[in-house]
Amino acid sequence: MPENASSLRTPPWSVRPGARTWRCAPAPAEVRDFHTALPGYSPTPLTELPPLAAESGVGRVFVKDESCRLGLPAFKALGASWAVHRALAERAASGEGSGPVTLVTATDGNHGRAVARTARLLGQRAHVFVPRGVHPRAVAAVAGEQAKVTEVSGSYDEAVRRAAEAVAAPDAILVQDTAWPGYERIPGWIVEGYSTLCAEIDEQLVAEGVAGGPDLVSIPVGVGSLAQAVVTHYRSRLSGRTPALLSVEPEAAACVLESLILGEPVSVTTGETVMAGLNCGTPSSIAWPYLRGGLDAAIAVPDAGSARAADHLSALGVSSGPCGAAALAGLRAALTGAGAEERRTALGLGPSSVVVLLSTEGPAANPHSTLDR
Ligand SMILES: Cc1ncc(COP(=O)(O)O)c(C=O)c1O
């Protein structure tokens, strides 16, 4: 990577010694079976990119490429499909009714599209609230799933509030990928749904000759639900290596980094970022204990870092949207600039380390990447 002003400065960063010894219970095993039985399911690719290993001074770097997951260009359908399945099954079992429901959610693009797609496939309705800053083509993609779309002039947090208010009707179910006190069950199922991604990585690494699992996983973070799933996976394993887990957020919306620095969950005022799916101001309440306990480090990256990472990934044959490329941008920010050696040591990285970058979306998920640079 060419040295420039942004690669020489100290990135916003927080380190959590002891995170690798933190433990929790695993996700339920039946999630994987559920996804495997879905039409169109297949594991997404885990692609090795040797030039990134050379650049980073580690042994091997793999990219988990979520640019086509269950027919959508981001990983989010894993959570939406399992959570809607659980919610509808519970509703039927409780005798609340088997009639049509409206699945309501707020989104900065990918989750809303996944909920809308799930609703359409199940013959249900969807109502999706979209904050400002989501690309018009991403909004159109939600509407294209036959969802009702309400555009909100405020932030993602404001859109979440509007969606929560809209579920007063008895046939409406809020399917939100973030939790707050009093609303935790469905977000918990969404997190469980993401566990399939980690289970696939385990199998794919074994097939690549990496038996013990990775040494570092770099995770793009919005409200922290995906990171909760990754922490749950690696901090509940009974065998294998215990990897370092790195959270990566946009500088314009680093609510998890800020919360870790302050030692308690806080909301931040979000700005504008091309990493639309990460533009969230408040950590999920159920994610917070996992993030505080099990993340080794958190870092924030500027839009330019994500854009450079997306260009480089694309040149190496992996198509990433800005949120997906944040995983590489975060690794690079950690390993370059002032204080890089301490950060490398904190992440436990050496010349034989195995790194997995979660590229959580393709360019089609978030057209900011192709249009607005
Ligand atoms: C592409 C992409 N990556 C990562 C995330 C972050 O997930 P979470 O909000 O669970 O931290 C999102 C969330 O919308 C996303 O759309």
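Two strands count as paired when DSSP finds at least two bridges between them; helices (H or I, at least four residues) and strands (E, at least two) are DSSP runs, numbered from the N terminus. The model is predicted: local features need pLDDT of at least 70, side-chain atom pairs count only at pLDDT 80 or more, and totals for chains, interfaces and linings use all residues. Residue numbers start from 1 along each chain as its sequence is written.

**View 1. Pairing of β4 with β7.** Val104 has Leu174 of β7 as its bridge partner. Strand β4 (residues 102-106) runs parallel to β7, and the two pair over 3 bridges.

**View 2. The open sheet.** The sheet has 4 strands in the order β6-β5-β4-β7, with parallel pairing. β6 (148-151) and β7 (172-174) are the edge strands, each pairing on one side only. From one strand to the next, the twist averages 20 degrees.

**View 3. Packing of α4 on α8.** Helix α4 (residues 77-93) packs with helix α8 (residues 185-207) at an angle of about 130 degrees, their axes 7 Å apart. Axes are lines fitted to C-alpha atoms, for helices over the stretch in contact, and angles run from 0 to 180 degrees between N-to-C directions. This angle makes α4 oblique to α8 (under 35 degrees is roughly parallel, over 145 roughly antiparallel, 65 to 115 roughly perpendicular, the rest oblique).

**View 4. Residues between α4 and α8.** The contact (C-beta atoms, placed from the backbone, within 7 Å) includes Trp82 and Arg86 of α4 and Trp189 and Glu192 of α8.

How values were computed: Contact = placed C-beta atoms within 7 Å.
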